[in-house]
Amino acid sequence: MPISIPNSYVNPNVRTVGVSKLRAMNASQLRGINKTLVIQENDQPLAVLVKYEEYMAMQQQLMAMLETQDVLSDKKAMEGILAGKADVRDGNTRSIEEIRDSLRKK
Amino acid sequence: MSDYKVRLAAPAARMYEQISALAAGGKGSQVNAALLSLLDKVIDEVLPSNPTMAGSKFFGALELEGVYWISEGTIHFFYEINAKATTVVILSILNSPIRRDHSQRADIICTEMLMSGSLPTSQLKLAARRAVAN
């Protein structure tokens with residue numbers, strides 16, 4: 001089903017551009033655009049052009065989301081993190097120097 | 001930029017002490033010595049210089065708010081940063097042989113998203129089911 005609402009109404013960071021207009025753009029013009037481009041043909045969305053930095057940021061955020069899910073589902077990892085957070089709250093932490101000193105004395 | 005001081009919470013300290021003891025002698029001490037030098041590298045060099053950039057911040061879970069992670073080989077560090085006190089607290093250290101393939105999975109999800117125009121929930125649902133099963 002064709003989308004009738006312009007993407008720019010949904011997201012102000014999205015700009016629509018026609019295929020012919022895009023074809024006329026050079027690299028420096030493309031570099032200067034700070035928005036995601038929805039490429040249209042006959043007023044119908046055809047494809048999406050995302051800046052490389054944004055694509056990488058999306059990947060980074062997805063990786064963080066996947067790692068979060070993995071850790072949330074890892075009982076051992078969660079127990080360690082929550083116990084560590086409780087230690088921080090209680091001021092129950094040691095410096096690495098203290099730990100190394102105590103290991104040397106053993 | 002001032003170097004961050006590194007402190008360890010009890011779970012992280014226990015793991016550090018355990019690996020140090022194993023590296024000091026006994027069976028598999030060479031492997032553990034390598035692990036210890038990896039721990040020391042992260043604790044002495046990586047985290048103090050720029051803890052924000054060194055790791056990644058967890059995303060989308062209240063329990064893990066403000067927690068960062070960094071993985072070096074099979075070792076995973078979970079830490080918090082106190083920028084005011086220029087201190088990094090390592091909450092926990094996990095030695096897990098499971099190789100995480102997040103970059104590959106993120107790439108697949110991104111490609112799926114761009115191709116379909118919607119967020120592919122299949123991978124996310126799978127992880128959620130694993131979480132419930134645990």
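**Note on the strands and the A–B contact**

1. β4(A) and strand β1 (residues 5-9) of chain B run antiparallel and are joined by three bridges. One of the pairs is S95(A) with R7(B), its bridge partner in β1(B). Strands (E, at least two residues) and helices (H or I, at least four) are DSSP runs, numbered from the N terminus; two strands pair if DSSP finds at least two bridges between them.

2. This is a predicted model: local features need pLDDT of at least 70 and side-chain atom pairs count only at pLDDT 80 or more, while totals for chains, interfaces and linings use all residues. Residues are numbered from 1 along each chain as its sequence is written, with chains lettered from A and ligands numbered from 1 in the order in which they are written.

3. The contact draws 34 residues from chain A and 41 residues from chain B, two residues being in contact if their C-beta atoms, placed from the backbone, lie within 7 Å. On the chain A side, α4 (52-72), α5 (75-89), β4 (93-95) and α6 (96-105) each supply at least two residues. α4(A) gives the most, with 15 residues.

4. By class, the side of chain A that touches chain B has 17 nonpolar, 10 polar and seven charged residues. Ala, Val, Leu, Ile, Met, Phe, Trp, Tyr, Cys and Pro count as nonpolar, Asp, Glu, Lys and Arg as charged, and the others, Gly among them, as polar.

5. Chain A also has an open sheet of three strands, in the order β1-β2-β3, with mixed pairing. β1 (14-18) and β3 (44-49) of chain A are at the edges with a single partner strand each, so one side of each has no neighbour in the sheet.

6. Strand β2 (residues 36-41) of chain A runs antiparallel to β3(A), and five bridges join them. Among the residues involved, Q40(A) has P45(A) as its bridge partner in β3(A).
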